[in-house]
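Please look over the sequence and the model first, and then follow the sections below.

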Amino acid sequence: MSDTYPVSVAQITDIHLFADENQELLGIPTKDSFCAVIEHLGNLDTEIDMLLLTGDISGDGSPESYENLQNLLYPLRLPTYSVPGNHDCSNVMKEVLNLKLFSRRKSFERGGWNFILLNSCISEQAHGYLSIETLDWLDAQLTILDSKPTLIALHHPPFLINSQWLDKSRLQNPEDLFAIIDRHSYIKLVICGHIHQEFQYQRYQVNYLSTPSTCIQFQPNSPDFTLDDKQPGFRYLKLYSNGDWESWVERVPFLYPLNLSNTGH
């Protein structure tokens with residue numbers, strides 16, 4: 001492992017905040033569970049350089065939900081980058097997330113790594129799809145950027161997770177994404193959300209990582225919608241300028257009665 005100072009990233013995903021701060025998602029008060037994650041982030045012994053939000057920030061796409069996000073994250077004083085999820089409203093996100101700490105940049109360099117953020121969402125659809133325009137933009141960015149280690153972020157996973165109901169809503173054109181990634185050997189990581197669970201997949205030399213939600217969790221390997229009783233969480237990444245990386249999931253204690261008999265959301 002390189003002894004150079006790494007850039008430290010906290011990936012936060014599937015927050016599902018609402019206009020009404022007291023609204024619950026399948027019995028979980030999403031603001032409260034998110035606040036528990038924020039408190040945990042603030043108490044980490046290691047310093048975080050930036051936050052990366054990988055979609056479903058909102059549960060209702062309302063301006064108020066994004067205002068709630070800004071108010072809750074502001075005390076951390078961390079640069080924050082984001083991609084939308086299928087429950088988000090991209091136009092409202094762009095309009096409301098306007099505090100200085102919230103960047104609209106979708107391609108940037110930090111700590112010797114390139115970061116490229118993709119919008120994989122289709123209006124009023126749960127599944128994901130990367131448009132021709134998005135794929136062309138990705139290919140162009142990868143061509144013009146320096147060949148530094150690169151991380152790509154999007155909401156929908158481009159891989160199967162052996163969960164029939166969730167696999168139906170993954171990225172629908174993963175081969176189009178893989179075709180571009182395969183041409184650029186310096187891509188190291190692809191991170192996503194959407195599936196409310198930890199998962200890791202490797203294709204050639206690229207590692208694909210998903211991350212638990214800050215609220216409800218989905219049962220791995222479930223054929224039908226099934227909740228899991230695991231705690232909320234986020235992913236911590238340490239990225240070294242030589243291309244090495246470390247990552248792990250941090251679970252956050254949050255005691256709240258969960259109705260595991262829920263059948264959908």
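## Cysteines

A disulfide is a pair of cysteine sulfur atoms within 2.5 Å, and the structure holds zero disulfides. Cys 89 is in no disulfide, the nearest cysteine sulfur being that of Cys 121, 11 Å away. Cys 192 is likewise in no disulfide, and the nearest cysteine sulfur, again that of Cys 121, is 12 Å away.

## Basis of the model

This is a predicted model, in which local features need pLDDT of at least 70 and side-chain atom pairs count only at pLDDT 80 or more, while totals for chains, interfaces and linings use all residues. Residues are numbered from 1 along each chain as its sequence is written, and side-chain values use heavy atoms, with hydrogens and water left out.

## The chain as a whole

The protein chain has six helices and 15 strands, where helices (H or I, at least four residues) and strands (E, at least two) are DSSP runs numbered from the N terminus. The radius of gyration is taken over C-alpha atoms, and the globule rule is 2.2 Å times the number of residues to the power 0.38. For 265 residues a compact globule would have a radius of gyration near 18 Å, and the 17 Å of the protein chain agrees with that. Along its principal axes, the C-alpha trace spans about 45 × 40 × 35 Å.

Of the 265 residues of the protein chain, 55% count as buried. The accessible surface comes to about 11,700 Å², and 47% of this belongs to carbon and sulfur atoms; such areas come from the Shrake-Rupley method with a 1.4 Å probe, and for residues only the protein chains shown count as cover. Contact means heavy atoms within 4.5 Å, and among contacts between residues at least 6 apart in sequence, 71% join residues at least 24 apart.

Helix 2 covers residues 63-73, and its buried residues are Ser 65, Tyr 66, Asn 68, Leu 69, Gln 70, Leu 72 and Leu 73. These buried residues pack against helix 1 (30-43), strand 4 (50-54), strand 5 (80-83) and helix 3 (90-96).

Gly 61 is found in the loop between strand 4 and helix 2, and with a relative accessible area of 14% this glycine is buried. Not counting residues up to four places away in sequence, Gly 61 touches Tyr 66, His 87, Cys 89 and Val 92. The C-alpha atoms of Gly 61 and Asn 91, which are 30 residues apart along the chain, are separated by 9.4 Å.

Ser 169 lies in the loop between helix 5 (164-167) and helix 6 (174-181), and counts as buried because its relative accessibility is 10%. Leaving aside neighbours within four places in sequence, Ser 169 is in contact with Ala 126, His 127, Gly 128, His 156 and His 194. Gln 197, in the loop between strand 9 (187-192) and strand 10 (199-203), is buried with a relative accessible area of 4%. With neighbours within four places in sequence again left aside, the contacts of Gln 197 include Ile 161, Leu 166, Ser 210, Phe 218 and Pro 220.

Val 206 lies in strand 11 (residues 206-210) and is buried, with a relative accessible area of 7%. Apart from residues up to four places away in sequence, Val 206 touches Ile 181, Ile 187, Lys 188, Leu 189, Val 190 and Tyr 201.

## Two asparagines with positive phi

Phi of Asn 162 is near 60 degrees, a positive value in a residue other than glycine. Asn 162 is placed in the loop between strand 8 (150-153) and helix 5, and counts as exposed because its relative accessibility is 57%. Asn 221, although not a glycine, has a positive phi of about 60 degrees, and is found in the loop between strand 12 (217-218) and strand 13 (227-228).

Definitions and conventions: Buried means under 20% relative accessible area, exposed over 50%, partly exposed in between (1.4 Å probe, protein chains only).
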